[in-house]
Amino acid sequence: MTILKTDKITMKFGGLTAVKEFSLELNQNEIVALIGPNGAGKTTAFNMITGVYRPTSGKIIYNGQSIDGLKPDAITRLGLARTFQNIRLFKELSVLDNVFIANHLHLKSNIFEAIFRLPRYRREEKEKLQKSEFLIEKLGLKDFIKEKSSSLPYGLQRRLEIARALATNPQILLLDEPAAGMNPKETDDLTAFIKEIRDEFNLTIFMIEHHMHLVMGISDRIYVLDHGVTIAQGNPYEIQNDPRVIEAYLGVSEDAEN
Amino acid sequence: MKRRDIILTSASILLLLVFINFASGNLDAYKVRILNLCAIYTVLGLSMNLINGFTGLFSLGHAGFMAVGAYTTAILTMSQVTKQQNFFLAPILPPLDKLNVPFLFALLIGGLLSAFVAFLIGAPALRLKGDYLAIATLGFSEIIRIVFTNTQRITNGALGLKSIPNTTNLWWSYGAAVITIAIMALLINSSYGKAFKAIREDEIAAESMGINLFKHKVLSFVIGAFFAGVGGGLLGSLMGTIDPLMFRFSFTFSILLIIVLGGMGSMTGTVIAAFIISSATELLRFLDQSINLGFVVIPGVSGLRMVVFSALLMIVVLFFRNGLMGTNEFSWDKIINLFQRKPLIKRRLGQ
């Protein structure tokens, strides 16, 4: 079942076309990767889907509903959560608060109920705290729950970002280079981990990634962007043997040689 | 809250009550006034810290909100006769001349009106970020002042309002301070308060986590303005006289000084700094008089006080970059730990 579909979305910055007619289809519970050399427009495509940019043209359909032009917070509320390429945690806040804040969008109590701790707010707060603690434990961050998020080691900060994204109750999780800066061992762990959360939380995952090892091992389908144009799509085997991809990307990538 | 904390908090509030009771009977008017100012600046500082320190909105419109609160409270509490005496150039606008409500309601209405003005200002201005927001809010605050200077029949224009009933006493000001501290603490630690902090930490991430930036910025701005209005009302009633010039940019700056000195994003810091700033300007007054050092007599230089004050501030800014408290808050645990100093190793193990 198609859950997210983009129809020829194009993003122009003045005279520069960052992404041209990108058409994507995500099916329920799939893991789909978007790859391409640096500057190919992967993050721009991501930003269009998550509402950071409004596409110059084209349509984005999520669960049969058009979402292009909506604000990022509205899109997250509909069930698309993301992480960032260069980690964007709430640095001064604790691990628990980072995850707790991501629950805020589903809060029904108004600000007066919150200030005066009326019963509905107290009940909601308790629920959300339990959920946050559950997620933190699930993602192996339990020992750091009270720590400031910026004091975590790099790999754990990435995990915390995923925990935070999961707290918004997403249907689709968008990961922007989840393995960036990780060593091979951590990357392997991440591969298993992504599959695990997909099954556990019934997610559809769309990710940008550079580590070919990770991408080829995990993806159901892959899209390849180069200079804003989709040059190939298909399953990992097809992509690995596509001459245009090899020329544009894999042939020059260090990862592919390993 | 733990049982112990509840007991300790109640005990300290009780202690405060005993102190206020003692102070209002035994201290001279000058000292009482300084104590009043300390509490009112606490209210004003906390209200600004919510906007600037906790939500990270660089707003410089505080004097405007205080003016709205101060004028509203003053007009609503002055008697009909006093109003007639005040408005001798042009009579006061009809429904206002008879309006008279108890001080508490006047304060609340002042706060609400100030919050409403903040909403009107915030709706366009909060779409801006950083320095642009600062300039816009500063501009709006000046607009409020200019409007007040020119609405002769409502605010008595540049003449200002005199003989405002001096209702503010230690009970009112400390009552307001304690309530403000309590509400702010509850707000900051609620889901909404955490959303505010998230906006301060990283707007883009906060928005991606489903926080409606505009709604939450306006909320914080409006709540901050409400307390600024209440603080302004208390101040007007304490002074007994207000005029538009009082609410110039320099007033916003004094409050900004308090929150920067105390630490942006620390309520404890704001309270401490409010007390330091309001009393230090008075305590350093001896510097303006001639000082006899025994072997040499320094003649009195008026203004030396402010020079020393500025120098002290510079030292704080240089050596405590994040203010006195940073973003740390007071807690009974910390106080108790301070008294039961265990050897360092034990404490490490305890963690």
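A residue is called buried if 20 or more other C-beta atoms lie within 10 Å of its own, exposed if 12 or fewer, and partly exposed in between, with C-beta atoms placed from the backbone. This is a predicted model, where local features need pLDDT of at least 70, side-chain atom pairs count only at pLDDT 80 or more, and totals for chains, interfaces and linings use all residues. Residues are numbered from 1 along each chain as its sequence is written, while chains are lettered from A and ligands numbered from 1 in the order in which they are written.

Select residues 184-201 of chain A, which make up helix 7 (helices are DSSP runs of H or I, at least four residues; strands are runs of E, at least two; both are numbered from the N terminus). Now color Leu190(A), Ile194(A) and Ile197(A), the buried residues of this helix. Show what they pack against: strand 3 (31-35), helix 6 (154-166), strand 8 (204-208) and helix 8 (212-218) of chain A. Contact here means C-beta atoms, placed from the backbone, within 7 Å.

Just after the helix, click Asn202(A), with its positive phi of about 55°.

**Stop two: where the chains meet**

Bring in chain B: the contact takes 26 residues from chain A and 23 residues from chain B. On the chain A side, select helix 2 (72-78), helix 3 (95-101) and helix 4 (111-115), which each give two or more residues. Helix 2 gives the most, with 4 residues.

Conventions: Two residues are in contact if their C-beta atoms, placed from the backbone, lie within 7 Å. The expected span of a helix is 1.5 Å times one less than its number of residues.
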